[in-house]
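Hi,

Here is the structure I promised to pass on.

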Amino acid sequence: MARAIDLGERARGRIAPNPAVGCVILRDGVIIGEGATQPGGRPHAEAVALERAGELARGASLYVTLEPCAHSSVRGPTCARSIVEAGVGKVVIACLDPDPRTAGSGVTMLREAGIKVETGRGAKRAARSLAGYFTRLALGRPRVTLKLALSIDGKIALPSGESKWLTGAEARADVHRERARADMILVGRGTYEADDPGLDVRLPGLEDYSPQRLLLSRTMEAPEGWTALRDPMDIHGLAANDLLVEGGSGVATAFLKADLVDRILIYRAPILIGEGQSSIGYVGLDRINDAHGRWAIGEARSLGLDRREVYERIRENTRLEN
């Protein structure tokens, strides 16, 4: 299952709105077929793995990060049916699919065909990889990661606006890896006009993973190669699982005030700026007590001299893992 999760993770950024699924087929302790969701969403991971396994799939064990689809599609056969027809003997599923078109019917189809089915193995890690897909189904919008590069005292730039480079090369490379996992990336008009950002992925071998570019502006038309959004709430309905917000203080504040941020990714440099530009403005909180219980630390580690910190939004009324 760990291998299947890794395969699915590598597919992120090019398959939305489909989930980034990984699949491994095992026979006598040897991998005979594996695959991930392909660019554009088809073929699915199970189809890729079954094709590679061929006749050896009969009686083998199949490990997959998300419940095999069971709903009809003009783009191809259902994965659950393909698994049955291949004669697979056992299927191990990390997460059930919350898509109401499948939602348990994939497991039912497999079991009715006499296939042994196990669910839940590796579910926590698989759910983290599939969090964008789960968020889109639960909330009707992509999972939003807000990226901030900060000084120790929480500034994003000097009073003059100078901000290149707060962080070092290792942190900047990590930003590009985050971009490669996102389907879309967004900045505000101020950042666009000041920096003319490319927002592409500039890591060897990952250039094709550059996300679609969005511009948040109520008045400016979208430049060529960009899509304009007038309001943060316009992200609802986007055909994306993961959205990376890289804009300045205004965009960060707007998304936080609208409670649209699910994950905050901070790259903190070991420098003090003092007077300078703050990262976030007023987000609608008037009491310290109201700020507690909203965010949980997800990760913290060093990147060269800098520090990478991840915070996850606590949403008690929305269950994104299963």
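Below is what turned up, starting with how the values were made.

This is a predicted model, in which local features need pLDDT of at least 70 and side-chain atom pairs count only at pLDDT 80 or more, while totals for chains, interfaces and linings use all residues. Residues are numbered from 1 along each chain as its sequence is written, and side-chain values use heavy atoms, with hydrogens and water left out.

Let's start with the inside. A nonpolar core here is a set of buried Ala, Val, Leu, Ile, Met, Phe, Trp, Tyr and Cys residues joined through side-chain atoms within 4.5 Å. Buried means under 20% relative accessible area, exposed over 50% and partly exposed in between, with a 1.4 Å probe and protein chains only. The largest such core has 44 residues, and Ile25, Leu50, Leu62, Ile83, Val88, Val91 and Cys95 have the most contacts inside it. Its largest share, five residues, comes from strand β4 (residues 90–95); helices (H or I, at least four residues) and strands (E, at least two) are DSSP runs, numbered from the N terminus. Another core lies apart from that one, with 24 residues, including Ala157, Ile235, Val245 and Val261.

If you zoom in on Val88, leaving aside neighbours within four places in sequence, you'll find Leu50, Ala57, Gly59, Ala60, Leu62, Ile83 and Ile115 in contact with it (heavy atoms within 4.5 Å).

His44 sits in the loop between β2 (30–36) and α2 (45–53). It counts as buried because its relative accessible area is 13%.

Now for some strands, which pair if DSSP finds at least two bridges between them. β8 (residues 184–188) and β9 (residues 212–216) pair in the parallel sense over five bridges, with Gly188 opposite Leu216. On to β10 (residues 226–229): β9 pairs with it in the parallel sense over four bridges, and here Leu216 stands opposite Leu229.

Last, the rings. They pair if the centres of Phe, Tyr or Trp rings (the six-membered one for Trp) lie within 6.5 Å; planes under 30 degrees apart are stacked, over 60 edge-to-face and the rest tilted. There is one aromatic pair in the structure: Tyr133 and Phe134, tilted, at 5.9 Å centre to centre with 45 degrees between the planes. Both Tyr133 and Phe134 are buried.

Cheers
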